[in-house]
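Thank you all for coming; I would like to walk you through one structure this morning, with the sequence and the coordinates on the screen. I will take a few local features in turn.

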Amino acid sequence: MKKLVVLMSVFALTISLSCKENEKKTEEATDLPTEKAVEVKKETPKHWSYDGETSPEHWAEIEKESACGGNHQSPIDIVTANAITKPSGLKASDVHYDASTIIHDVTNNGHSLQYNFADNNNYVNFEGKRYNLAQFHFHAASEHSVNGMHFPLVIHMVHVSEDKKFVVFAVMVTEGDESNAFDFLESYLPVKPGETKVVGKSHHFENYILKDFDHYYYQGSLTTPPCTEAVNWFVFKDAIKASPVQVKTIADLMPRNNYRPTQPLNGRTVYYSE
Ligand SMILES: [Zn+2]
């Protein structure tokens, strides 16, 4: 019996030592951008989400290195009566969307449905800098609200500069007539969480997104961790239309209510650019 107890305590000691060893390895690994570090990150039990213990109100605490607790966060509620009319400096002619640009793939990353570009043929020029269109994705409902009202769906067109600053277009979607663009995009669906499908075809976004260029403009953040405060937000005033079925098809493939609640302005100004 005594022998068994001794054996058991040796066993327990071994386990506790190897745990410590693993902890040490983990700490070391996260300092290095190796494949191992990526693996360790994936195993982190508390990953952000839109629901329960890991919902947006917990992001700042879960994602320790993030800016989610910052003062210039997005989205916001746009109070149109408070928006100051002033040109943002972005004109329709600064947006270069090439009709032949290929959408590389569509992926369901578990937070949103995202269409990715493989080349840098689509870009915008803003304040003397080039921002390449990297991807666009959806939120249901819209993240920004206008006078407290959310739209059923929004498209975020994410443009990135070489120094990792962002220009994001928020294109609101309302329910109405069927949209040819949605027909095209949805012909690659469904894509389940964790799944990616190759698209390999071009689509001309300018045709339906930029008919009316009036927009709200302000400085904010990414709306998902790491919530980086380096985003020039352009929220277009006019919504585009898609049929209720087309809206539902996209919403049903994403987590329910995959939108972050609106954040305080904290003294920022929202501009309206005609
Ligand atoms: Zn987004």
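**A disulfide, a pocket and some backbone details**

Let me begin with two cysteines, Cys68 and Cys227, both of which are buried, where buried stands for a relative accessible area under 20%, exposed for one over 50%, and partly exposed for what lies in between, computed with a 1.4 Å probe on protein chains only.

Before I go further, please keep in mind that this is a predicted model, in which local features need a pLDDT of at least 70 and side-chain atom pairs count only at pLDDT 80 or more, while totals for chains, interfaces and linings use all residues. Residues are numbered from 1 along each chain as its sequence is written, and side-chain values use heavy atoms, with hydrogens and water left out.

Back to the cysteines: Cys68 and Cys227 are joined by a disulfide with an S to S distance of 2.1 Å, the term being used for a pair of cysteine sulfur atoms within 2.5 Å, and by this rule the count is 1 disulfide. Cys68 sits in the loop between α3 (59-62) and β1 (77-78), and Cys227 in the loop between β12 (215-220) and β13 (231-236), so the pair ties together parts that are 159 residues apart in sequence. The helices (H or I, at least four residues) and strands (E, at least two) that I name are DSSP runs, numbered from the N terminus. The torsion about the S-S bond of Cys68 and Cys227 is about 80°, so this disulfide is right-handed.

Next, the second largest pocket, whose volume is about 380 Å³. On a 1 Å grid over the protein atoms alone, a pocket is an open set of points with protein on both sides within 12 Å along at least five of seven lines, and lining residues have an atom within 4 Å of a point. Of the 18 residues that line this second largest pocket, the closest to its centre are Gln135, His137, Leu222, Thr224 and Pro225. Two elements, β7 (129-139) and β9 (153-160), are those that give two or more residues to the lining, and β7 gives the most, with 3 residues.

Leaving aside residues up to four places away in sequence, Ser145 touches Ile76, Asp77, Ile78, His150 and Thr262, with contact taken as heavy atoms within 4.5 Å.

Finally, the backbone. Most residues other than glycine have a negative phi, and most peptide bonds are trans. Here, the bond from Ala140 to Ala141 is cis, with omega near 5°, and Ala141 is in the loop between β7 and β8. Leu189 and Pro190 are also joined by a cis peptide bond, with omega about 5°, and Pro190 lies in the loop between α4 (180-186) and β11 (196-202). Glu127 has a positive phi, near 50°, and is exposed, with a relative accessible area of 63%.

Key. 1 Å grid on protein atoms, 1.4 Å probe; cavity = no way out; pocket = protein on both sides within 12 Å on 5 of 7 lines; lining within 4 Å. Points joined across faces, edges and corners; volume = space filled by probe spheres on them.
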